[in-house]
Amino acid sequence: MVELNNSGHYYIGGKLVPVSQAPNALPPDEAREKTMAYSILRAHDEGEGDDKMKIKFDALMSHDITFVGIIQTARASGMVEFPIPYAMTNCHNSLCAVGGTINEDDHAFGLSAAKKYGGIYVPPNLAVIHQYARERFAECSNMILGSDSHTRYGSYGSMGIGEGGGELVKQLLKNTYDIAAPEVVLVYLEGQPPKGVGPQDVAIALVAATFPNGDVKNKVLEFAGPGIAPLSVDFRIGIDVMTTETSCLSSIWETDEVIEDYYKSIGRPEAYKKLHIQEGAYYDSVVRINLSEMECMVALPFHPSKAYTIHELQANPKQIFDEIELDCNSQLGGDVTMDLSRSIVDGKVVCEQGVIVGCAGGMYENIMVASEILKDSDIGNGYFDLSVYPSSMPVSLAITQNGAAFGLMEAGAIIKPAFCGPCFGAGDTPANNTLSIRHATRNFANREGSRPGDGQIASVALMDARSIAATAKNGGVLTAATDIEYYEPAIPYVYDGSIYAKRCYEGFGNPMPQEELRLGPGIRDWPHMPAMEEDLLLALCAVIHDEVTTTDELIPSGETSSHRSDPIKLSEFTLSRRYPSYVEASKDVLNAERLRQEGAAPLKAQEILAKVGGVLSDTSIGSAIFASKPGDGSAREQAASCQKVLGGLANICYEYATKRYRSNCINWGIVPFTFPDANFNYSDGDWIYVPGAKEKILAGIETFPATVVVADGTTKEITLECGPLTENERLILTQGCLMNFYAAGYKE
């Protein structure tokens, strides 16, 4: 189905030619400029046109978990108005029964900020962030930066990048997004999907082929080939939005009449432009996907790359579940035991919940097909239930007018408003130790809302809406959509954007400085974060040797979302589900640093410094986390900012799972160290002294001799590394954070 070739290829005469067979081609660095990706990136690059890009975006997107912190940071850094269109949607903290008034206070803050600074405000449940961007912001050859990792609009001809809030702050202050010129991977589509195979099936197969070895990490995926033409708009975006799970930087697709007709249908024909590969373009690697060979897929816990065909799982559920359980229970650390085998009844896999939701699942076409599959059926009155969340009010209007919503409800499904909650654990949390099947974006540990610390665990398997509907039709018994007969509906999406015109606040270009920000009791300013001293003394407060540590583990999703406008309260949840002792240990270290700043002598720190020859007045004291590969998943900056609020000064790892998490660390003044050895055998409670850290960072030195003081008082010399940093990143780190950088008068 999916074939990966990690060698370079040129695109010549409409064919892929290996480097060895193209002796007269341009050098790779020159020929890469002929890709669609580079034609767009260079048009937005304010740098020198070399291997360091300085990107300015056309528009910004945030939702109600992130926009408060972004605006608080930007206004503290001197922002007076939004310089480019900035839309704030309210699709994550839409449930206003959690935490009293604080969620709705965030919404009121967003509207007041849109008025004050000239922004766009989308009220709760009107649209999920990415559907609004697709319908209102995407256009061929533009670039959109979003504070959500699934900022992907490549199939519409628009390059979307998901990053932490600090990068949006830089754009709001008219500065640039600085990256190394990325490699480009061609995803070549051939054939046509069989009936019953949907976009999530293709996406899961793509993630499984590319994520495990990091083959496309921080690269741009460029989609081309004859397999694109037969695909609908919704099918294309259903694949594209899941490219985030490959860990790529962004994506872009060839555009054609299908996309042109889409822009006409939503009343923005001027947004269309034909995108195509230039002759002689160079690709660093190639992924071939034969759509005709695709099967219905299922991604098992705890990652979208844990992929099997549904037929494989049906044929051998016990062995597959045993393998998945072993891996998952190891990751859970013994707090609770997953038991997938209880979902096997009479040799069949039985699910207890189905959810079709959000920017991946809640698309018009997915809902239409699900409704048709369930026509004249019912899901029964057993444990299985089905919830469907259209991605926007225009989609809800369309499925209401054409009867699809009626068909789903008649079958027993529940139609809910546009909301991202089930994607991150703020809605439809399944029962303990049950299997939930979802057309959503992620199935990370505890992301469905369970709490292992309270003895709870649930399992999410990702599937396409078609197979979820087929399973619902079969009363919860796992079923591939290719195994049932159904009529493929051909009712086009009739877009009606009048609800946006009636309810959204459109204030771009019309800031009202006199408008007062609405600040609720759950909205607090960032605490003071001191600049770095000459040396660092780091207390290891968490040491995690899991293969990957996700942002959901660094700062849990779900109920914590309601506290994301209060950095102090939110920090109390840091690593709470994975390393519960971390918060108190970090607070002890933070108190030591506060004593130092007040001129007192924290005893433990003074004892350590005496052993290594350090000077207290010249040394910043802070906490540090070691994790093998941290930061997979969400773009949420809180995964880093919470560490900083608790006094975090550094992270140490073998490698960072994503660029966006490393960038978040830098923007919050957390030094992104790596450890070159493959055996970090130190424990929480150990201390690491890094002399001359500030001077080395400012000088661009990438190796840092350090001394570890272990619990028994013995010492060991090690070397930490810190990969390339831009000049501004060095200043941000040494100033203590991005806000301090701007407050000190620096500009990018």
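Helices and strands here are DSSP runs, numbered from the N terminus. The model shown in these close-ups is a predicted one.

**View 1. S141 sits in the loop between helix 5 and strand 8 (143-146).** Take a look at the backbone here: phi of S141 is near 80 degrees, a positive value in a residue other than glycine. For context, most residues other than glycine have a negative phi. S141 has a relative accessible area of 18%, and the cut-off for buried is under 20%, so S141 counts as buried.

**View 2. Helix 5 is largely enclosed by the rest of the structure.** Seven of its eight residues are buried. If you want to pick them out, they are I129, H130, Q131, Y132, A133, R134 and E135.

**View 3. The largest cavity has a volume of about 210 Å³.** Of the 22 residues that line this cavity, H63, H92, D148, F424 and R447 come closest to its centre. Helix 5 (129-136) turns up again here: along with helix 12 (358-361), it gives two or more residues to the lining. What is the lining made of, by residue class? It divides into seven nonpolar, ten polar and five charged residues. Zooming out, the structure holds five cavities of 30 Å³ or more.

**View 4. Helix 6 (residues 165-172) and helix 23 (residues 659-667) cross at roughly 65 degrees.** Their axes come within 8 Å. Angles of 65 to 115 degrees count as roughly perpendicular, and the two helices are therefore roughly perpendicular to each other. On the helix 6 side, the residues in the contact are G165, G166, E167 and K170, and they meet S663, N664 and N667 in helix 23. Which classes of residue make up this contact? There are five polar and two charged residues, and no nonpolar ones.

**View 5. A cis peptide bond joins P301 and F302.** As a reminder, most peptide bonds are trans. To find the spot, go to the loop between strand 16 (297-299) and strand 17 (307-309), where F302 has its place.

**View 6. D428 is in the loop between strand 22 (414-415) and strand 23 (435-439).** Phi of D428 is near 60 degrees, a positive value in a residue other than glycine. Is D428 buried or exposed? At 16% relative accessibility, D428 counts as buried.

Technical notes:
Residues are numbered from 1 along each chain as its sequence is written. This is a predicted model: local features need pLDDT of at least 70, side-chain atom pairs count only at pLDDT 80 or more; totals for chains, interfaces and linings use all residues. Side-chain values use heavy atoms; hydrogens and water are left out. On a 1 Å grid over the protein atoms alone, a cavity is a set of points where a 1.4 Å probe fits but cannot get out, and a pocket is an open set with protein on both sides within 12 Å along at least five of seven lines; lining residues have an atom within 4 Å of a point. Grid points are joined across faces, edges and corners, and a volume is the space filled by probe spheres set on the points. Helices (H or I, at least four residues) and strands (E, at least two) are DSSP runs, numbered from the N terminus. Ala, Val, Leu, Ile, Met, Phe, Trp, Tyr, Cys and Pro count as nonpolar, Asp, Glu, Lys and Arg as charged, and the others, Gly among them, as polar. Axes are lines fitted to C-alpha atoms, for helices over the stretch in contact, and angles run from 0 to 180 degrees between N-to-C directions. Angles under 35 degrees count as roughly parallel, over 145 as roughly antiparallel, 65 to 115 as roughly perpendicular and the rest as oblique. Contact means heavy atoms within 4.5 Å. Buried means under 20% relative accessible area, exposed over 50%, partly exposed in between (1.4 Å probe, protein chains only).
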